[in-house]
Amino acid sequence: MDWTLRELQYFVTACDVGSFTDAAAELDVSQAAVSRTIASLENRLGERLVRRTPRGCEPAALGQHVMPQVRRVLAEVAKLDEVVRTRQAILRVGYAWAAVGRHTTPLLRTWPKAHPDIDLQLVRHNSHTAGLAEGVCDAAIVRTPVDSRRFDSVVIGLERRMVAFASDDPDWRRRRQVTMSEIATRTIVIDARTGTTSSELWTAGTGPEHFVESTDVEEWLDTIAAGRGVGTTAEATASHHPRDGVTYRPISDGPRVPVHLAWWRHDPPTGLAALIDTLTAIYADASR
């Protein structure tokens with residue numbers, strides 16, 4: 001048997017109100033539609049569900065037998081409707097390395113209070129678009145420009161550029177800051193897909209001679225801790241990824257790192273405006 005929800009609803013309503021005419025008024029359809037729908041169901045069953053009487057209708061023997069189960073089915077459907085109607089919207093925000101650094105936990109704690117109807121979820125994905133192009137998030141925090149033909153983006157803040165080096169480095173371990181020219185004398189560990197470091201940070205002819213590529217932040221940190229190179233990165237990495245054996249220090253003349261929020265150009269996600277406002281305010285407050 002193929003049962004439709006409309007047939008079940010018409011059957012229960014007719015029995016509850018006692019006539020096809022009153023059921024039609026209750027359901028906002030014609031009396032003929034109620035009669036025809038119930039008759040079609042009865043024809044498939046080969047037995048009457050509803051007994052027609054001079055004053056209206058009432059459940060027949062089969063109708064009385066199936067009525068409890070039909071009511072349970074309709075109640076479950078009503079629950080499903082309620083779940084769909086009241087569910088939270090989900091805003092998945094991707095990042096490759098460090099989300100928003102030291103601001104990440106405050107963001108996750110305060111967002112539900114300010115926006116209880118939108119569930120903010122952070123998703124780590126090590127790609128140039130932090131998972132946006134791959135479809136694993138709705139918006140992404142990135143620190144390198146994205147393809148403007150596909151994505152829209154806005155700069156939500158600026159972060160200091162830091163150098164990361166082995167904590168037992170004999171020349172730098174007691175330094176409070178380092179210069180770009182000093183870094184250029186070292187082997188530089190980079191993540192070519194998502195990192196913010198390339199030879200373009202230095203004036204032509206003054207950059208490092210040796211680069212070593214890593215595949216993600218963990219390999220980047222392991223390589224630096226082993227003393228096989230140093231790295232430059234956004235300030236957020238230092239907050240998000242402290243590591244025994246790795247020391248972070250500011251670069252005194254290092255260019256700041258712009259932090260972008262990106263999303264699909266023709267598919268802005270639910271809650272985007274609120275997220276932009278929140279993240280922009282976070283970085284503005286931090287700069288004061």
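Biologist: How many strands form the open sheet, and in what order?

Modeller: In this predicted model, three strands form an open sheet, and their order is 10-7-11. As a general idea, strands of a sheet pair through backbone hydrogen bonds, in either a parallel or an antiparallel manner. Here the pairing is antiparallel.

Biologist: Which are the edge strands?

Modeller: Strand 10 (231-234) and strand 11 (246-250) are the edge strands, each pairing on one side only. Neighbouring strands of this sheet are turned against each other by 35° on average, with direction ignored.

Biologist: Over how many bridges do strand 7 and strand 10 pair, and what is the bridge partner of arginine 161?

Modeller: Strand 7, which comprises residues 161-166, pairs with strand 10 over four bridges in the antiparallel sense. Arginine 161 has alanine 234 of strand 10 as its bridge partner.

Biologist: Which residues make the contact?

Modeller: Helix 1 contributes Gln9, Tyr10, Thr13, Ala14 and Val17, while helix 2 contributes Phe20, Asp22, Ala23, Glu26 and Leu27.

Biologist: Which residues of helix 2 are buried, and why do they line one face of the helix?

Modeller: Within helix 2 (residues 20-27), the buried residues are Phe20, Ala23 and Ala24. Viewed down the axis of helix 2, these buried residues fall within an arc of 100°, so they line one face of the helix. The face turned away from the buried side carries Thr21, Ala25 and Glu26, which are exposed.

Biologist: Against which elements do the buried residues of helix 2 pack?

Modeller: They pack against helix 1 (5-17) and helix 3 (31-45), and also against strand 1 (50-53) and strand 2 (56-59). Just after helix 2, aspartate 28 takes a positive phi of about 60°.

Biologist: A final case concerns a single residue. Where does threonine 223 lie, and does it count as buried or exposed?

Modeller: Threonine 223 lies in helix 7, which spans residues 217-225. Its relative accessibility is 8%, and buried means under 20%, so threonine 223 counts as buried. Leaving aside residues up to four places away in sequence, threonine 223 touches Val189, Arg228 and Gly229.

Note on methods: Residues numbered from 1 in each chain as written. Predicted model: local features only at pLDDT ≥ 70, side-chain atom pairs only at ≥ 80, totals over all residues. Heavy atoms only, no water. Buried < 20%, exposed > 50% of the residue type's maximum accessible area, 1.4 Å probe, protein only. Helix = DSSP H or I, 4+ residues; strand = E, 2+ residues; numbered from the N terminus. Arc of directions from axis to C-beta. Contact = heavy atoms within 4.5 Å. Pairing = 2+ DSSP bridges. Axes fitted to C-alpha atoms, helices over the stretch in contact; angles between N-to-C directions.
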